[in-house]
Amino acid sequence: MDQISFMLNGVQTQIQADKNWTLLYVLREVCDLTGTKCGCSTGDCGACKVILDGEAKNACLIKIGSLEGRRLETIEGLFHNGKLHPIQQAFIESGAIQCGFCTPGMIISAKALLDRVSNPTDDEIIEALNNNLCRCTGYVKIIEAVRMAARLLAE
Amino acid sequence: MADQTKQEHPYIGANIPIAQAALKATGQMIFTADMKLPHMLHAKVLFSPRPHARIVKIDTTRAEALPGVHAVITHKNTPNRFYNSCGEVLNEYMTEQLFSPVVRYVGDKVAAVAADTEKIAEAALKLIDVEYEDLPANYDPERALDENAYVIHDNGELERGNLILTVAQSSGDVDSAMAKADRVFSDVYECPAIHHGAMETHVSLAVYDAEGMLTVYTPSQDTFAKRRNLANIFDLPMSKVRVSVPAIGGAFGGKIDLITEPIAAALAIKTCRPVRLVYNRTEDICSTRNRHAMRLYLRTGVMNDGTIVAEDMRAYVNAGAYASGTTSVVWAMCGRLFKVHQCPNVRFVGYPVITNTTIGGPMRGFGSPQLFFAQQRQMNTISKALGIDMLELQRKNLTTQQGADPRNQLPHGNARPIDCLNRAAERIGYDAACAEQQESANDRYRIGVGIGVGAHGNGMYGVKADITGLMLKMNCDGTCVLFTPSNEMGNSSVTLQKQMVAETLGMPLGDIDCVEADTRLTPYQLGDYSSRGTFVSGHGALKIATSMQALLAEVAGRMLGVPADSLRFADRAAIAPDGRRVSLEQIVLYSRDHDQKELMCAESFASQAAVMSYGAHIAKVRVDTETGEVKVLSYAAIHDVGNAINPLSVTGQIEGALQMGLGNALSEDMGVDEKTGAVKNRTLKRYKMLYAGDMPRELTVEVLDSFEPAGPFGAKSIGECSVVPTLSAIGNAIANAIDAEVNNLPITKEKILEAIAKKTENKA
């Protein structure tokens, strides 16, 4: 077992894990943060997106050993003091959520984009979501939700 | 066609976000794979590497000896009762066992392990020694029908050989109509096996406790049939089996069948500990269920003016290794052939056949996507051959509001496919798009316009007792709890039930708490399938809300001194004609304190109508004739859902269906390796579902202003119908762009280039 320290949703965190375990496994099975989902384990579906040092990444492809000293944000980090993040609000109101399994990963991809670009074009939104699969929505309302989130964040 | 009942309904026709959306947005929604119970073990399954083989020896000694392993199960130490995994045909064509001494496809279950961790379970699988004796394998349904083909199941459950059942229906006189037709068109269409692709893979968590109670938590569209199947397999009374659905991360028909449940249950019974079994994506693709691969032979007899006089379809349906719901799918698709055209002479013969491939099962559309791919593709061929525009040809032949099934004269309901088609043509700019098609006919980049029409049902009336049971009880502050056998799998079906209650009782949606899909806690229903969510279960919710309204009105009428039926319900109150009101809270408290009575209802709703839903799609594509690349430039999808109860959800269903349908048309294909029998595309890298960037940027999704008299508040289904016309709209657009026929899906670049080359060759 190895000891790994990193910033998890704004809190300095230390965990015991085999450094070769994936970040996804550690989040779900060690940290009990099950908001990050597993849809493929091959980096193709985006259900396990997390924000690592400002970039949206698939947690299933990251070894926990590489987390030392880094800054990680998961879906659980967006919901503060009982208040939904504007992106979450936008996803709900736009009808961007159906079964909800891809939703945390979608919201994380959207957040990584909106943290970087406050008023993204449709091309930028689509590019940011283009590694996230959704079998329910056809992406139409998800794209609309990101547009709405940008507006809400600007207010 | 707008109806007066559309007026002044705050919760009907409103855009309502899906129930529990905040849980889903925050990651707080607990899906089955998120659940952990004290002392829980992890399971892995050993899958067959052989397409067809007898297990002559299986030795689990080394696996059992591995530290951390708690149980290894095989056909030798588990119940051997035959079952059918699909609840719709639960007592028919029982070919499957928990584990069989014969494996029948690459991916069939051989053994399973429960261990302290998933890694240990995985390591233990490698220590199970299996000796196989290979048997002849067959991957094609037509070849498997051959007299000399090896019979894959010999337990007497099937019609003959590998044929599960001949499904045959006809109306009129097809043969003489065909003989009199000016032209007869005859083509063969092929559709591959399709992965449901729900983002949540199949998973179960089973508990077997000291009281002998077996509890299985699982994402399920058919909760009550799963309990019945589990009770049969393990020889338990239903009072000792509970199936509970925590959440469903997408289903699309794939979560009707019993798949991971009995394995997790057997391990839980063996170890007396909770056992969680989560399939990874490759296991989900190869070892669950898929949309059936089919080969369809279609002949259509037409007069020179475009009138279709006879339709004759023969379908070879690959059931895969076990029967599952294949016959049910073939019956459903058979029925659809009689629902769209005015033609009186129609014949369908379907052959669902067992082969050595992954199991075919229920999937969104139940055979309709394949059926309409063939029918609508051939319409396009006919249109070109007769020189009659496709729009005209459709209008001439499509059924109307007076239309009826030619087999039995049962009306289709308020059938409006032509209105859908006309609107789609208007929205996409059909004439201008056709002109573009013509102008680009000799260019490298060619424009193609394609029309597809499709239909689907509304429940199982006429086939099965189509029942939904519900319970409703009032809380003493005037809010309530609805006990529904449905689970909100993403299609807003539970949200819609809440809308019915909110509307009827005059309370906001937030006042309605819901207990969902749990055999211990909720009444029975047929299942969350067959497009019955709105038309049947939604109607059930309206019925129970109406019953509760009557109870409340009776009390409120006495409180206010007015007749019960003079009251209306709004703003959390019963309101008398003179404006005096009592709140729901006051009514419930009065009932408890004065009448000494709890206000609660239980109802069962049975559907009594078999109406159809229709849709028309038009696609405009651009084909690069040098690379074969297809870009869907614009797309219009117009449906008739009667009165849309929740337009936000209805359009969401159609948009989602396009992701699935366009993928099925252009890129998705499980594939079978002819040498090994294995699924070819076993990961999401190879099994290509569409991402956001693959979707058309110009997309029009609309529903008609309509009303179905038999539906709750005039509503009917959308979930399955939405995916049906897509395959043919895309197929026809590509065929029109390249002026060549591609009749086997998916329509890949390679197939397009091949068709272009063949055409050039023929010309030369």
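View 1. Residues are numbered from 1 along each chain as its sequence is written, and chains are lettered from A in the order in which they are written. Since this is a prediction, local features need pLDDT of at least 70 and side-chain atom pairs pLDDT 80 or more, while totals for chains, interfaces and linings use all residues.

**View 2. The largest nonpolar core.** This one has 301 residues (buried Ala, Val, Leu, Ile, Met, Phe, Trp, Tyr and Cys joined through C-beta atoms within 7 Å; buried: 20 or more other C-beta atoms within 10 Å of a residue's own). B:Ala264 is back again, among those with the most contacts inside the core, along with B:Ala43, B:Leu267 and B:Ile734.

**View 3. The buried residues of helix α11 (residues 390–397) of chain B.** Tucked away here are B:Met390, B:Leu391, B:Leu393, B:Gln394 and B:Asn397. They share one side of α11(B) because they cover an arc of only 165 degrees around the axis (taken from the directions from the helix axis to the C-beta atoms). Their packing partners in chain B are β16 (308–320), α10 (368–386), α12 (417–428), α13 (430–439) and β18 (445–456).

Note on methods
Buried ≥ 20, exposed ≤ 12 C-beta atoms within 10 Å, placed from the backbone. Helix = DSSP H or I, 4+ residues; strand = E, 2+ residues; numbered from the N terminus. Contact = placed C-beta atoms within 7 Å.
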